Amino acid sequence: MQPVPGAAETLDLLRGAGISVCLLTAFNRRTQARVLDTLDWWHRVDLTLCPEDAPRDRPRPDLILTAALRLGVDDVRNIAVCADTATAIRSGRRAGASIVAGTLTGAHDHDRLRTAGATHILPSVTALPDLLLPAPAGDTLTADHR
């Protein structure tokens, strides 16, 4: 099992900037733990959740809202979701997240993510900091914002 190139560094960058990071998965807790153990990512995130942690699974907003509550988010507009499936995109929209970015390194393509309601389409999760962190003067955003 290999992570998306640059994903670990992206998580570290976001957390280093003071952004709380929650990894949500459709896997059960046991599989989720094996993945995080294999990648050695437990220290890279503030919270991990799986369908067992909320009353209803995606595409309902429960997992995202559970994460927001546990992380102390005071306004759903302060939530950003980055996902590779249409179901997860719909969940992010239903949760009220201001950014619901689809990433092209996973299960679904640009059109399917956009149809599901993605606010942005990213080539990889590594482009997420461009949306969330202030850009240095002169830099431009490379994500698809249509």
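The buried residues of helix H2 pack against strand E1 (22-24) and strand E2 (47-49). Here, buried means under 20% relative accessible area, exposed over 50%, and partly exposed in between, with a 1.4 Å probe and protein chains only. Helices (H or I, at least four residues) and strands (E, at least two) are DSSP runs, numbered from the N terminus. The model is predicted: local features need pLDDT of at least 70, side-chain atom pairs count only at pLDDT 80 or more, and totals for chains, interfaces and linings use all residues. Residues are numbered from 1 along each chain as its sequence is written, and side-chain values use heavy atoms, with hydrogens and water left out.

H2 spans residues 29-39. Its buried residues are Thr-31, Gln-32, Val-35, Leu-36 and Leu-39. They lie on the same side of H2 because they cover an arc of only 135° around the axis (taken from the directions from the helix axis to the C-beta atoms). Arg-30 and Thr-38 are exposed on the other side.

Asn-28 caps the N-terminal end of H2. One of its side-chain oxygens lies 3.1 Å from the backbone nitrogen of Arg-30. Asp-40 follows H2 and has a positive phi, near 55°.

Thr-25 sits in the loop between E1 and H2. Its relative accessibility is 13%, so Thr-25 counts as buried. A polar atom of its side chain lies 3.0 Å from the backbone nitrogen of Phe-27. Beyond its neighbours within four places in sequence, Thr-25 is in contact (heavy atoms within 4.5 Å) with Gln-32, Leu-49, Cys-50, Pro-51, Arg-58 and Leu-63. Gln-32 is also one of the buried residues of H2.

Note on methods. Polar contact = N/O pair within 3.5 Å; in protein donor to acceptor, adjacent residues only side chain to side chain.
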